[in-house]
Amino acid sequence: MGLLFDFDDDSDMLMQISDDMAMDSDGDLMMRMGDNMAMDMDSGELHITSSWDDED
């Protein structure tokens with residue numbers, strides 16, 4: 001588990017909490033959609049992120 005950068009939200013930081021989920025600094029959950037993409041679970045918006053570690 002690690003830290004990710006959300007390039008679409010003024011370089012907000014995301015903390016990876018599971019293989020497919022992360023939480024931003026406001027406590028909003030983000031679901032992994034790809035190596036460099038996550039979906040905000042509140043708004044449904046897609047965000048470009050730094051590389052998401054894939055344990056598989």
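How many bridges join strand β4 (residues 29-34) to β5? Four bridges join them, and the two strands run antiparallel. Strands here are DSSP runs of E with at least two residues, numbered from the N terminus. Two strands pair if DSSP finds at least two bridges between them.

This is a predicted model, in which local features need pLDDT of at least 70 and side-chain atom pairs count only at pLDDT 80 or more, while totals for chains, interfaces and linings use all residues. Residues are numbered from 1 along each chain as its sequence is written, and side-chain values use heavy atoms, with hydrogens and water left out.

Start with the whole chain. The protein chain has six strands and zero helices. From the N terminus, its elements run β-β-β-β-β-β. The radius of gyration is 10 Å, close to the 10 Å that the globule rule gives for 56 residues, so the chain is as compact as a globular protein of that length. That radius is taken over C-alpha atoms, and the globule rule is 2.2 Å times the number of residues to the power 0.38. Along its principal axes, the C-alpha trace spans about 30 × 20 × 15 Å. Buried residues make up 29% of the 56 residues. Buried means under 20% relative accessible area, exposed means over 50%, and partly exposed lies in between (1.4 Å probe, protein chains only). The accessible surface comes to about 3600 Å², and 51% of that belongs to carbon and sulfur atoms. The areas come from the Shrake-Rupley method with a 1.4 Å probe; for residues, only the protein chains shown count as cover.

Now the sheet. Six strands form an open sheet in the order β1-β2-β3-β4-β5-β6, with antiparallel pairing. Its edge strands are β1 (3-6) and β6 (46-48), each of which pairs on one side only. From one strand to the next, the twist averages 40°. The axes behind this angle are lines fitted to C-alpha atoms, and angles run from 0 to 180 degrees between N-to-C directions. Strands of a sheet pair through backbone hydrogen bonds, either parallel or antiparallel.

Follow the strands in turn. Strand β2 (residues 12-16) is joined to β3 (residues 21-24) by three bridges, and these strands run antiparallel. Four residues lie between β2 and β3 in their hairpin. M15 has M23 as its bridge partner in β3. M23 also stands opposite L29 in β4. Three bridges join β3 to β4, again antiparallel. The hairpin of β3 and β4 has four residues between the strands, and G27 in the turn has a positive phi of about 90°.

Next comes β4 to β5. The hairpin here joins the strands through two residues. G34 has M37 as its bridge partner in β5. M37 has another partner, I48, in β6. β5 and β6 run antiparallel and are joined by three bridges. Five residues lie between them in their hairpin, where G44 takes a positive phi near 80°.

Which residues lie on the covered face of β5 (residues 37-40)? They are A38 and D40, while M37 and M39 lie on the uncovered face. In a regular strand the side chains alternate between the two faces of the sheet.

The largest nonpolar core has six residues: L4, L14, A22, M30, A38 and W52. A nonpolar core is a set of buried Ala, Val, Leu, Ile, Met, Phe, Trp, Tyr and Cys residues joined through side-chain atoms within 4.5 Å. Beyond its neighbours within four places in sequence, A38 is in contact (heavy atoms within 4.5 Å) with residues including M30, L46 and W52.

L4 is another member of that core. Its place is in strand β1. L4 is buried, because its relative accessible area is 2%. Not counting residues up to four places away in sequence, L4 touches D12, M13, L14, A22, S50, S51 and W52. L4 and N36 are 32 residues apart in sequence, and their C-alpha atoms are 9.5 Å apart.

Is M1 buried or exposed? M1 counts as exposed, because its relative accessibility is 64%. M1 lies in the segment before β1. Leaving aside neighbours within four places in sequence, M1 is in contact with Q16, I17, S18 and D19.
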